[in-house]
Each structure stands twice: as C-alpha cells, then as structure tokens.
2 protein chains.
Amino acid sequence: MSKSDEPRRLYQQVADQIRGSVQSKGLSKGARLPSERDLAQELGVSRPSLREALIALEIEGTVEIRGGSGIYLAAEVPRHAEVAHALGESPSELMQARSMVEGSAIILAAGRMTDAALAALKESLDAMARAVDAGRDPLAEDKAFHLLIAHQTGNSVIAKIVADLFEERHGPLAARLQVRSATSGTWSQALEEHQAILEALSQRDPLQAQAAMCRHLEASRRRWLDAQV
Amino acid sequence: MSKSDEPRRLYQQVADQIRGSVQSKGLSKGARLPSERDLAQELGVSRPSLREALIALEIEGTVEIRGGSGIYLAAEVPRHAEVAHALGESPSELMQARSMVEGSAIILAAGRMTDAALAALKESLDAMARAVDAGRDPLAEDKAFHLLIAHQTGNSVIAKIVADLFEERHGPLAARLQVRSATSGTWSQALEEHQAILEALSQRDPLQAQAAMCRHLEASRRRWLDAQV
DNA sequence: AAGGTAAAATTGGTCAAGCCAATTCATCAT
DNA sequence: ATGATGAATTGGCTTGACCAATTTTACCTT
C-alpha cells in the first residue's frame, strides 16, 4: 500500500494545504485560523470537506477546535524536512523507522553476541567485500548482515520486522524512485560503515554499536535520496 | 469511575459506537460494514457526521474506506510472511518487540506532542474507561490509544509497525488462549497504566513516557501470560 | 451453456444551503 | 467605568442532491 496515489482523498489534500499554508505564513502556536466558512472558500472546497480535513488535523494534533469560538493552532507545526509526507510513506520515514528499530535491536544484540555470531558477521562482511570487488551488487550480503544482527536479539518478531523493513526498500514504495546509484563507491562506503558496526559489536559495546548502526542508516538514507534527482 | 463528560463531539460518539458495535458483533478483519447511508440511519446521525467518524476511525487504523466499494475493517496486507509464527514466536517475544518499538516511538512522539494531540489521547482514554464501565471489551480503544501515540511520531512506517504488532496479538498464535484474560480487573489496571503514560506525555517528559510505556507493556505481557494457565 | 459486455444499481465523494447552539463582541443603561 | 443585553460570528449538525468509481445484473454473442 501507499505509493503515489493520484487522487488522494480530498480531506487529505486540504489538510496538506492547511499545514503548508500555516507553515509558510509562519503562524505560531495558538494563532487563530480563519473561520470554517472562510477557509473553505479560500481553498475552494465545501465546508463539510474542510471540516473533514480539520478533524484529521485535530486528531493529528496540529489544530484545536473550540466550538463557537474558532480554530487554533495547537503548537509548533514545523516538521523537519518532511513536509510532503502526509499519510504516505517516504524513504525518509522508512529509514527513520529502520534507524529506530535496528538501533534498539542492536543494543539487545550486543549483549548477546557470541563468538560464533561475530564470526558469522565477519564472514558476511567478507562476502560483501568480495561482491563489491567483483562488481556485483552486494544487496543480498547487505541484507544478510542486518538480519544476522537482528537474529542475535533472540527475538524472532524483531528479526521479522527488520527483514520486512529491509524488503520495503524494494517494494512498491520505492519502485518508482529506483534509479539507485549502484556504484561501487557508495557500496564500499556502506561496507566501511558495516565494519564499524562489527567493530563495536566485537567489543560488546551496545552504545557504540547503536551509534554506528544509526550512522550507517543515516548515511544510507542520504545515499538513497541523493541518488534520485 | 463513570466520569463521563458533557458534550463530546458527535463524530467521537459515533466512532465509539461503531467500535463497540463492530466488536460486540464479533466482526473479523476485512469484514464489510453497512453503507454510509445505512450506518448513518442506523446510528441516527447525518451522513456528514457519520463520515467524520469514519475519517477518525480511518486515521486510527480501525477501518479502511474503499471508494465506490464500501467500508471495511482494516485487514491490511498480511505482510510477507506469517511464517514467523510457526518458529518460536511467543507472546513474550511479541511484547518485547512492542516494548522496544513503542518505547522508542514514544520518545519521538513526546517531543512532538501538541495540546490537541494530548486532548485526543485523553478522549481515547475516556472512551476506554466508558467501555470498561459498560462491561465491553475496550480492545478497540486500547488499540486507538497506542496508535494515536505512534501516529504522533509523524512517521507512517512506525505507525504501521505498531499497528501490525498490536494485531499480532490476535493472530492464530493466541486465538484460543485468549479466553479469560479479559476480566474488567485487568483492563482497569491497563487503564491506569495508560493514564500514567498520558501523564508523562503531558509533561513532555520523553524518558518518563518511555518508562511508563515499557512498564505498561511489561505488565500487559504478564497479564497475558498469567491468564493462560 | 459459457463467456463477455454494457447497462443498472450500489456506494463512497463532494457540494450547496440552511438551522441551531455556543461564544464573542459591540452597545447601551446604570 | 461597569455590567447587562442582544446582535454578529463561529462551530455543530442536518437535509438533499449530484457526481464518479465500483459492483452487480441482465442481456447478447458465440
């Protein structure tokens, strides 16, 4: 689910416009928006539709509606860079989710890391290095590395989440954006980051491992996004 | 405890009724609800109002609306593999995963929590209290609470993970063991834990919120396991 | 009888106009 | 000034209608 739906529901579009408008006009917390009637006319939609958008924004926590009084901004609206996300997934969201999940998982894993598991990770890393050298796309090896760590949590549910999130990158979500630069340069950089992760895990240092993992995923996100125009 | 409030917005009441009705009738995932027109008449409200309730339920993840077709209980694609069920997946693992994911998510959410979002959470909590008082199983309200928090991260991927993990509890894994754990006693305890979470969120205290969430999920796990002897 | 296609019925999507109730605000009497 | 009062404003909700997508039905072709 969730790709570029052409005709999104009207209330979502309207909610988007309101978010954008609010942000571009630099309205701050507590500011009062125009009345429902005015907003509806301004955005060129009917009042019921405008109303549906407001309910969405209210649930979302962007807006507060006081009956008989008016519509007020709840608090700071400025989301970082993801203005265009609304209800749709985005690569940034995906990578943020991975960072959160894998960043937590690796802490668990670090505490349970066995020598055998470390050896397996090392082997996986070597395989990835060979793939890069051979000019092959080390995607499978990349996945294996992340899954091995996830499995070390000893929790199959977590492992499944990590696997699903990894797959998501190749699902319908990014299908259209898949202009990826599979240059050996980006892969060798990813390889180095994996090495840093393994290093931290070898020392059974959970925090350092987490930091390394998050750095890796962040860099990965950047590589992914920069690859497309 | 029946501290009901005075004038709740209509769409919230309607959403409540739908949640309750759906659950008391034992409708399962993917089930199709009556048409908007029928539902509206059945509940004694106008179609626009019914519509607003549906939007709330849609955002909440309870319902999926397919234009021209109908209103369906959110089924969602069963991900890639239910296979993980067979091997070693246990309630403990599930709850550990939830603790990890939701424990991280709530930190994100705490930093973005608006007054309106807090109000929505409060509303959800009240709805849950009413359900408990009425002797109904407040499962839908429980889910709504967790999803609202997840939604507050602003990351739809994270929201989806939380929703999936929540649903997992009712998969084939625990289907037959779910008999006795639904006493009003255990639910009112869960309610208190939710209250603690909301309290921490009100104070925008990420760490305390995380602690409260993890305590809740841990207690939830214990209740779940103890119920099936 | 089987299959496919077009029309009809169903359903969500949206709009228009209006009435009610709560809130706000200007006005006026004190 | 001050406080009460009534008009304007604003959200809350309803009725009724039309459009577009989907689903179902009926009919025609093979």
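How many helices and strands does the secondary structure of chain A come to? I counted 10 helices and three strands. Helices here are DSSP runs of H or I with at least four residues, strands are E runs of at least two, and both are numbered from the N terminus.

**Ground rules.** I am working with a predicted model, where local features need pLDDT of at least 70 and side-chain atom pairs count only at pLDDT 80 or more, while totals for chains, interfaces and linings use all residues. Residues are numbered from 1 along each chain as its sequence is written, and chains are lettered from A and ligands numbered from 1 in the order in which they are written.

**Chain A overall.** Reading from the N terminus, I get the element order α-β-α-α-β-β-α-α-α-α-α-α-α. Chain A has 229 residues, and 35% of them are buried. Buried means 20 or more other C-beta atoms within 10 Å of the residue's own, exposed means 12 or fewer, and partly exposed is in between, with C-beta atoms placed from the backbone. I also looked at contacts in chain A between residues at least 6 apart in sequence: 67% of these join residues at least 24 apart. A contact needs the two C-beta atoms, placed from the backbone, within 7 Å.

**The sheet.** Chain A has an open sheet of three strands in the order β1-β3-β2, with antiparallel pairing. β1 (32-33) and β2 of chain A are at the edges with a single partner strand each, so one side of each has no neighbour in the sheet. Two strands count as paired if DSSP finds at least two bridges between them.

I went through the pairs next. β1(A) and β3(A) pair in the antiparallel sense over two bridges, and R32(A) has Y72(A) in β3(A) as its bridge partner. β2(A) and β3(A) also run antiparallel, joined by four bridges. There R66(A) stands opposite G70(A) in β3(A). The hairpin of β2(A) and β3(A) has three residues between the strands, and in it G68(A) takes a positive phi near 75°.

**DNA strand C.** G68(A) turned up again here. At least two residues each come from α1 (10-24) and α3 of chain A and from α2 (36-43), α3 and β3 (70-73) of chain B. α3(B) gives the largest share, three residues. By class I have seven nonpolar, nine polar and five charged residues. Nonpolar covers Ala, Val, Leu, Ile, Met, Phe, Trp, Tyr, Cys and Pro, charged covers Asp, Glu, Lys and Arg, and the others, Gly among them, are polar.

**DNA strand D.** Two or more residues each come from α2 (36-43), α3 (47-60) and β3 (70-73) of chain A and from α1 (10-24) and α3 (47-60) of chain B. Here, too, α3(B) gives the largest share, three residues.

**Chain A against chain B.** The contact takes 36 residues from chain A and 36 residues from chain B. On the chain A side, α3, β2 (63-66), α4 and α7 (156-168) each supply at least two residues. That side has 18 nonpolar, seven polar and 11 charged residues.

I then checked helix pairs across the two chains. The axes of α4 (residues 91-112) of chain A and α7 (residues 156-168) of chain B come within 7 Å and cross at roughly 55°. Axes are lines fitted to C-alpha atoms, for helices over the stretch in contact, and angles run from 0 to 180 degrees between N-to-C directions. α4(A) and α7(B) are therefore oblique to each other: under 35 degrees would be roughly parallel, over 145 roughly antiparallel, 65 to 115 roughly perpendicular, and the rest is oblique. E93(A), L94(A), A97(A) and M100(A) meet S156(B), V157(B), I158(B) and I161(B) in this contact.

For α7(A) and α4(B) (residues 91-111), I again found axes within 7 Å that cross at roughly 55°. The residues in this contact are six nonpolar, one polar and one charged.

**One loop residue.** Q203(A) is in the loop between α9 (184-202) and α10 (206-227) of chain A. Q203(A) counts as exposed because it has 12 C-beta neighbours inside 10 Å.
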